[in-house]
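I opened the model today to look up its helices, its cores and a few single residues. My notes follow in the order I took them.

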Amino acid sequence: MAMEVSEQAQNSQELDLEEIARKISFLDKWREIFSSPRLETNNTTPQDHEGGHVSADESEGGTGTPQPKGQARVPSSLPVTSWAAGGEPISLATASKLRQSLFGNAVGVFSYDWKMARFGFRDPFSDLAFALDMGKGGARSIQMAVQGWLIRHFLFAGEGKDCAFHGLRAISKQEQDRTLATALAGILWAAGEAQKATLCLITEDTYAAATPDYSGDNFTERLRLFEFAKKDAAEEFVYDHLQCFKGEGSHGVILFLYSLIFSRTFERLQQDLDVCTIHLLQPSAGGFLCTQAVLNMILTGRASPHVCNGCQNGTSQETLRGVLTRSDIGYLQWGRGASEDPRLAEVGSRLKTPRFPIWLCSIRGHHSVLFSTDRQLLSDWKLERVFQLYLYGGRPSQNTPAHLTVDTHSHPWEGDRHEGEHGPGRRFSPVEMVIRTKWSEATISWNGTVPFF
């Protein structure tokens, strides 16, 4: 009996020692994680996909593990990644090349409007549940180009899964987030020639210092680059870090533009561009606007500087690069400068007739998205006689897409009576003019909406 009690006591002591050893191992594991240079942490509370704070009880494992102390506090306006391990820190040389590709020098920096631009949606379950809130300045054209891809995924997710127009009003918050991740990852994957996608996120650590030849901006120098060889992995990574692209103050549009350039690579960019476009942004009224190369990179995956089909010879026999392939999302424009070479200003058929009836429209330099809910519109000429289009212009006051009825059986003799002294085109709104670059004899009814643009 005494021997049994002794054995039980010994077993109990062994169990206690095992439990203590297990707890020490557990603590060592977390100490190693928090001290790892490949894991960036944030003093702010983690955020979920709704943009709200996650409590300590809701953190991984429900343990409420506190953040490590002694780290520099990051401004709350810059959400940094707090749990993405791996990646490569940006070097001063890479940061300088990035600036050169954007501004043509390493001292240019983004304006306030650019820094505030992000990929935030309008309210779910509303008439504009599919639509992004649009910013100001040059970043707006990137948001609108991404908007075209969002509409493509919302409407035409796959064969036999087309969505009617009323379905765009039934989009939930979760569907918004998932579709945004799909669209962003898909654009980056195409820019990487369907071989890789590279994403960059802001971290707490600074990896490059400002020099006389390089102006720091307190976020480019804190990037880590994450490379993916599979599209699905890139999409999941975007989804897991979606707040870094859609959160207020996240610099989301700039981060996406950086990721687009890294996915395309500096070498491919040099091959895409020509003597007319040697960097991706152009100065305008104290800020920077996107060149056509940026928009074409989002639409087609290639940073072609022009909208014509293929390559053309310039006035000095230099090669000017246009669009090489038909794209999912099209492009229409009206109101460009009269001094521009008409051969280059004319949008080619590869952009005018995309695979899906969705067009990014540039109207006197302002961008909007025009779309149809009928996938077959561009596949059957009979459907192009009378059809419906919808327009999202991104104005804060726009609460529903404009509904347009397009009739391509217009009567030329009716136009002759109206154009007279006011000159050609004066009786049409700019939106109608951009539509007529695709359907030249069309008449457009706004169905009770006051024409805008």
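**Entry 1: loop residues with positive phi**

I started with Glu193, in the loop between helix H5 (173–191) and strand S2 (197–202). The model is predicted, so I kept in mind that local features need pLDDT of at least 70. I looked up the backbone of Glu193 and found a positive phi of about 60°, although Glu193 is not a glycine. I noted the background: most residues other than glycine have a negative phi. Is Glu193 buried or exposed, or in between? Its relative accessibility is 36%, so I logged Glu193 as partly exposed.

Next I went to Asn218, in the loop between S2 and strand S3 (223–228). Asn218 is another residue other than glycine with a positive phi, here near 70°. I logged Asn218 as partly exposed because its relative accessibility is 44%.

**Entry 2: helix H2**

I checked the length of helix H2 (residues 92–103). At 1.5 Å a residue, its 12 residues should span 16 Å. The end C-alpha atoms are 16 Å apart, so the span agrees.

Which residues of H2 are buried? I listed Ala95, Ser96, Leu98, Arg99, Ser101, Leu102 and Phe103. I then asked what covers the buried residues of H2. The cover includes H8, helix H9 (266–272), strand S4 (281–284) and strand S5 (287–290). After H2 comes Gly104, with a positive phi near 85°.

I ran the span check on the 13 residues of H8. They should span 18 Å at 1.5 Å a residue, and the end C-alpha atoms are 18 Å apart, which agrees. How many residues of H8 are buried? I found 13 of the 13, so H8 is largely enclosed by the rest of the structure. Just after H8, Thr265 takes a positive phi of about 80°.

I then looked at how H8 (residues 252–264) meets helix H10 (residues 292–300). Their axes come within 12 Å and cross at roughly 75°. H8 and H10 are therefore roughly perpendicular to each other. On the H8 side, the contact is made by Phe256, Leu257, Leu260 and Arg264. On the H10 side, Val294, Met297 and Ile298 make it. By class, I logged 6 nonpolar residues, no polar ones and 1 charged one in the contact of H8 with H10.

**Entry 3: the nonpolar cores**

The largest nonpolar core has 95 residues. Which of its residues touch the most other members? I found Trp114 and Ile142. H4 gives the most to this core, with 10 residues.

I followed Ile142 through its contacts, not counting residues up to four places away in sequence. Ile142 touches Trp114, Phe119, Val253, Phe256, Leu257, Cys290, Val294 and Ile298.

Met144 is in helix H4. I read a relative accessible area of 0%, so Met144 is buried. The C-alpha atoms of Met144 and Val369 are separated by 6.7 Å, though the two are 225 residues apart along the chain. I looked up what Met144 touches, not counting residues up to four places away in sequence. The list is Met134, Leu360, His367, Ser368, Val369, Tyr392, Gly393 and Gly394.

Arg152 is also found in helix H4 (residues 139–155). Is Arg152 buried or exposed? It counts as buried because its relative accessibility is 13%. Leaving aside neighbours within four places in sequence, I found Arg152 in contact with Ala157, Asp328, Ile329, Phe356 and Ile358.

**Entry 4: Asp123**

My last stop was Asp123, in the loop between helix H3 (112–116) and H4. Its relative accessible area is 58%, so Asp123 is exposed. Leaving aside neighbours within four places in sequence, Asp123 is in contact with Leu128, Ala129 and Gln176.

Notes
Residues numbered from 1 in each chain as written. Predicted model: local features only at pLDDT ≥ 70, side-chain atom pairs only at ≥ 80, totals over all residues. Heavy atoms only, no water. Axes fitted to C-alpha atoms, helices over the stretch in contact; angles between N-to-C directions. Helix = DSSP H or I, 4+ residues; strand = E, 2+ residues; numbered from the N terminus. Parallel < 35°, antiparallel > 145°, perpendicular 65-115°, else oblique. Contact = heavy atoms within 4.5 Å. Nonpolar A, V, L, I, M, F, W, Y, C, P; charged D, E, K, R; others polar. Buried < 20%, exposed > 50% of the residue type's maximum accessible area, 1.4 Å probe, protein only. Core = buried A, V, L, I, M, F, W, Y, C linked by side-chain atoms within 4.5 Å. Expected span 1.5 Å × (residues − 1).
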